[in-house]
Amino acid sequence: MIKFYKKKTTCFIISIFCLMALHSSSFFSGYSGLKVNFTGNTIDSKYNPDLSMQAFFAGQFNFTDNIWGRTEFSLNTGDFLSDNIFSGTLSLFQIDEVSVNFRANFEKAINYFSIFLGTYEPIGSDVFLQRYFGIKPIASKITESWLGLSGSILYPQRGFGFSNTIKLIEKPVAFNVSSYLNSEDNGLIYNTDLRFATNLRYFSFDILCGIGLPFGNKYQDENYFFVIEKIYWHAGTNILIGNEYTQSLFIQAGIFNASFTGKNNINWAQDSIYLLFEPRLKLGKLNCDISIYNIPLSNVYELHLIDDVLGLNINCYSENVKFGNTNFTIGVHTNVGLKNKTIFDAKEFSSIKSDDISINLTGYTKAKFLSGELQFMAKIKALEIASGNPGNVFSCGIGYRTKI
């Protein structure tokens, strides 16, 4: 979320947008999506339907060939069918990105410099690879989100700062350095990250590592400008071995807000570890993605296909099912999750009971519609059928994404 100290910065960046728009003939392009979710209230013993919505909008303004701005925001609503729909529905509105970008062309490289507010090209998404190498999306389908372009990110790089990327012309290589400020309960954190990415025919690689310096405010002493009690560190990577036309292997790994102090004490939380191992098989016209994952709970809340931190997902689908003149993608996700377990509970797996297991079946279909893509999915929690809670068994959703 945008903190109070960022409000003046937001106004400053938006002012730059307005000034550029007044003195140039801008070209606009955008991408938006909306998904309506229908499920039952998981608390009520009787079936009580809930209807909610997720939406996002991302736009780019090209002021000149070498200067452009980007903005992205998302909306996540509460239940529209509640009694207070006409007096107000609880909703979460979030500005994901506001940025101004400058490009400079050199003999052997292109330099991209950006001033941003929010989340900018976060690791875990494939946005960085798409923007600088022009590839198609490679992220896992189980991490698709309707709250922005990034999908499920390894850790939230939210703040105000700058980013500088150098993309070599003769080689498929990009280097990036970024610095930004964000905040926590105890004050500001200054972050700096280094990034390297490459895209080859059968290998795509994106890795980022960085540190955060929290400026503590509990020491009030005129002898110090600021006090650093600990140093945060974070890292993440996306790896694709193969490509979309071959058998391939996709790997994601990351850690967020681990810390160490002057006494060499290293601390990290188990819920900050992100792991995804996904072989992607092509069996004739059938595709099969097998995902073994350990995804932090904060990410799970934003996803529709998984409900638990630790689990296994098998996605079988075909992209060339034809009805009339329309091509459909039809598939089914089979997901087995372990409730309240993480990868660090491996020693306890021998004592797992049936109540610790969840099995979800999600059928879906996608098709081109007008200028975008229409998607429908329906999800059944198989082991909840006999639970006596009908609202926890079935859910469905319909969504639409389009370029503007």
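Two residues are in contact here when they have heavy atoms within 4.5 Å of each other.

Some ground rules before going on. This is a predicted model, in which local features need pLDDT of at least 70 and side-chain atom pairs count only at pLDDT 80 or more, while totals for chains, interfaces and linings use all residues. Residues are numbered from 1 along each chain as its sequence is written, and side-chain values use heavy atoms, with hydrogens and water left out.

**The overall picture**

The protein has three helices and 19 strands. Both are DSSP runs numbered from the N terminus (helices are H or I with at least four residues, strands are E with at least two). Of the 404 residues, 43% are buried; buried means under 20% relative accessible area, exposed means over 50%, and partly exposed is in between (1.4 Å probe, protein chains only). Among contacts between residues at least 6 apart in sequence, 55% join residues at least 24 apart.

**Back to Ser 114**

Ser 114 sits in strand 5 (residues 109–119) and counts as buried, at 2% relative accessibility. Its side chain makes a polar contact with the side chain of Asn 101 at 2.6 Å, and another joins it to the side chain of Tyr 120 at 2.7 Å. A polar contact is a pair of N or O atoms within 3.5 Å; within protein, one must be able to donate a hydrogen and the other to accept it, and residues adjacent in sequence count only if both atoms are side-chain atoms.

**Charged pairs**

Side chains of opposite charge can pair when their charged atoms come close. The structure holds nine salt bridges, each a side-chain nitrogen of Lys or Arg within 4 Å of a carboxyl oxygen of Asp or Glu. Here are some of them:

| Pair | N to O distance |
|---|---|
| Arg 280 and Glu 278 | 2.7 Å |
| Asp 307 and Lys 379 | 3.0 Å |
| Glu 384 and Lys 339 | 3.5 Å |

In the Arg 280 pair, Arg 280 is buried at 14% relative accessibility, and Glu 278 is buried at 1%. Asp 307 lies in the loop between helix 3 (297–300) and strand 15 (310–323) and Lys 379 in strand 18 (residues 372–381), so this pair ties together parts that are 72 residues apart in sequence. Asp 307 is partly exposed at 31%, whereas Lys 379 is buried at 7%.

**Cysteines**

How many disulfides does the structure hold? There are zero, a disulfide being a pair of cysteine sulfur atoms within 2.5 Å. The sulfur of Cys 316 is 3.5 Å from its closest cysteine sulfur, in Cys 288, which is too far for a bond. Cys 288 is buried at 9% relative accessibility, while Cys 316 is partly exposed at 25%.
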